[in-house]
Amino acid sequence: MNRTEQLQHFLQQAQGRITPPRTLVSGYLTRVVGLMFEAVGCRAPIGSLCSVESEQGEIQAEVVGFENQISYLMPIDDAEGVVPGARVKPLRQQQMVPLGMELLGRVIDAKGRPLDGKGPIRAQQMTRQKRQTMNPLHRRPVNQPLDVGVNAINALLTVGQGQRMGLFAGSGVGKSVLLGMMTRGTTADVIVVGLIGERGREVKEFIEEILGEEGRQRSVVVASPADQSPLLRLRGCETAAEVAEYFRDQGLKVLLLMDSLTRYAMAQREIALAVGEPPATKGYPPSVFAKLPQLVERAGNGGEGQGSITAFYTVLTEGDDLQDPISDSARAILDGHIVLNRQLADAGHYPAIDVEASISRVMPQVVSDEHMAQAVQVRQWFSQYRRNRDLIAIGAYTRGSDPQIDQAIANYPRVEKFLQQPMKKVMTYDESLVQLQQLVHGQSG
């Protein structure tokens with residue numbers, strides 16, 4: 001470039017016609033409060049990574065907000081050893097997630113690093129973690145059922161390929177066991193499991209005992225335990241969604257099991273409150289309710305030539321209250337919900353699915369009219385009996401007073417047997433339909 005060209009180049013810069021190359025400007029820490037670092041002097045966009053000096057070496061932090069000249073960072077690693085005035089340097093590289101068929105059978109963390117001790121993952125491609133937005137008009141409609149291997153769901157709460165379902169329950173009611181049953185019994189090509197905010201012991205138990213060796217062969221497990229930073233827990237959900245999207249784009253049927261959506265919301269709440277966002281609904285800032293649909297909408301059917309992501313998101317109900325903010329918001333953005341009942345679990349009824357309180361919104365589009373009518377009949381028997389159970393138990397109900405209740409009393413033992421299923425047993429979709437037909441027509445199954 002000669003002198004004349006250089007002068008023209010500088011003149012264009014001065015007039016704002018071209019953007020000068022971005023330079024990395026380091027800063028320093030001025031304040032550390034709780035989970036949040038405050039730094040001045042560094043220029044880095046939201047979502048970018050920075051390295052922060054500490055006595056144990058450099059640690060990574062992510063920019064989550066700014067105010068005037070102050071940048072707010074949240075550490076990804078342990079913040080022990082950070083001193084006042086520590087140097088903060090923006091990083092050019094972004095966190096890359098490995099994607100490829102080599103992920104099958106592996107357990108990775110939120111950053112895509114292997115946790116199973118089987119060596120590095122030599123994936124077909126590495127991609128920067130990002131949220132993909134799909135034109136809703138490009139998605140194929142949900143019109144095909146997906147076999148999940150669970151009798152009660154296949155027959156009475158049929159799930160369609162590309163549907164997003166919520167699994168609502170309190171603690172200790174059997175959510176993880178039900179997820180394991182679905183991983184072993186589903187006809188999906190690939191299962192992606194996100195274990196977010198779980199105890200470390202539960203992660204290993206789920207992989208070894210509930211998922212099993214057979215289930216692991218076609219599964220990818222993304223684990224981000226409760227002792228990790230809220231950023232990693234948030235990123236763990238996004239990594240699981242990213243992996244599921246990759247397999248969907250290869251034309252495969254994917255079953256995405258996310259445990260749990262509530263802990264994703266809690267991680268975002270921790271970050272938002274630390275930045276200074278005001279709480280809105282029962283301590284949850286508005287950004288929580290903005291991020292939930294962004295995550296859920298990543299699942300679903302793809303376009304022509306692509307596969308599908310059928311997703312189950314577990315939602316922890318505080319004190320078995322289905323009206324808490326996260327439960328209420330999740331019901332509004334999901335395509336149905338399955339409620340696990342503590343009373344059924346306490347009575348030894350597993351899986352403890354309350355078919356009266358559960359619904360699949362796409363079931364009418366994926367099953368025949370005959371199947372739908374039979375499912376409605378069984379649900380009515382279940383509901384009639386449970387609503388009048390106390391009267392029946394104390395002998396206050398007289399047979400013949402109501403033909404519908406009489407029918408419910410006569411059929412309830414068979415309905416209860418139909419809805420129960422051993423953890424290791426798999427019921428195919430066709431077997432579930434045969435048993436449903438036998439139940440409705442009074443035949444012994």
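A contact here means heavy atoms within 4.5 Å. With that in mind, residues 24 or more positions apart account for 71% of the contacts in the protein chain with a separation of 6 or more. Welcome to this structure: it is a predicted model, in which local features need pLDDT of at least 70 and side-chain atom pairs count only at pLDDT 80 or more, while totals for chains, interfaces and linings use all residues. Residues are numbered from 1 along each chain as its sequence is written, and side-chain values use heavy atoms, with hydrogens and water left out.

**The chain as a whole**

- The protein chain has 14 helices and 19 strands; these are DSSP runs numbered from the N terminus, with helices being H or I of at least four residues and strands being E of at least two.
- Taken along the principal axes, the box filled by the C-alpha atoms is roughly 100 × 45 × 45 Å.
- The protein chain has 445 residues, and 51% of them count as buried. Buried means under 20% relative accessible area, exposed means over 50%, and partly exposed lies in between (1.4 Å probe, protein chains only).
- About 20700 Å² of accessible surface belongs to the protein chain, and carbon and sulfur atoms hold 50% of that surface. Such areas come from the Shrake-Rupley method with a 1.4 Å probe, and for residues only the protein chains shown count as cover.

**The cavity**

- There is one cavity of 30 Å³ or more in the structure. A cavity is a set of points, on a 1 Å grid over the protein atoms alone, where a 1.4 Å probe fits but cannot get out, and its lining residues have an atom within 4 Å of a point.
- The volume of the largest cavity is about 30 Å³; grid points are joined across faces, edges and corners, and a volume is the space filled by probe spheres set on the points.
- Which residues line the largest cavity? They are Ser51, Val52, Glu53, Glu58, Arg87 and Lys89.
- Two strands, β3 (49–52) and β6 (87–90), each supply at least two residues of this lining.
- By type, the lining has one nonpolar, one polar and four charged residues. Nonpolar covers Ala, Val, Leu, Ile, Met, Phe, Trp, Tyr, Cys and Pro; charged covers Asp, Glu, Lys and Arg; the others, Gly among them, are polar.

**Cysteines**

- Zero disulfides turn up in a search of the whole structure, a disulfide being a pair of cysteine sulfur atoms within 2.5 Å.
- Cysteine 42 is in no disulfide, and the nearest cysteine sulfur, that of cysteine 50, is 5.3 Å away.
- Cysteine 42 is buried, at a relative accessible area of 7%, and cysteine 237 is buried as well, at 0%.

**Backbone features to look for**

- Most residues other than glycine have a negative phi, and most peptide bonds are trans.
- A cis peptide bond with omega of about 15° links aspartate 259 to serine 260. Serine 260 sits in the loop between β15 (253–259) and α6 (261–275).
- Tyrosine 350 and proline 351 are also joined by a cis peptide bond, with omega of about -10°. Proline 351 is in the loop between α9 (342–346) and β19 (359–360).
- Asparagine 68 has a positive phi, near 55°, and lies in the loop between β4 (59–67) and β5 (70–75). Its relative accessibility is 69%, so asparagine 68 counts as exposed.
- Lysine 282 has a positive phi near 50° and belongs to the loop between α6 and α7 (286–296). Lysine 282 is exposed, with 62% relative accessible area.

Terms used
1 Å grid on protein atoms, 1.4 Å probe; cavity = no way out; pocket = protein on both sides within 12 Å on 5 of 7 lines; lining within 4 Å.
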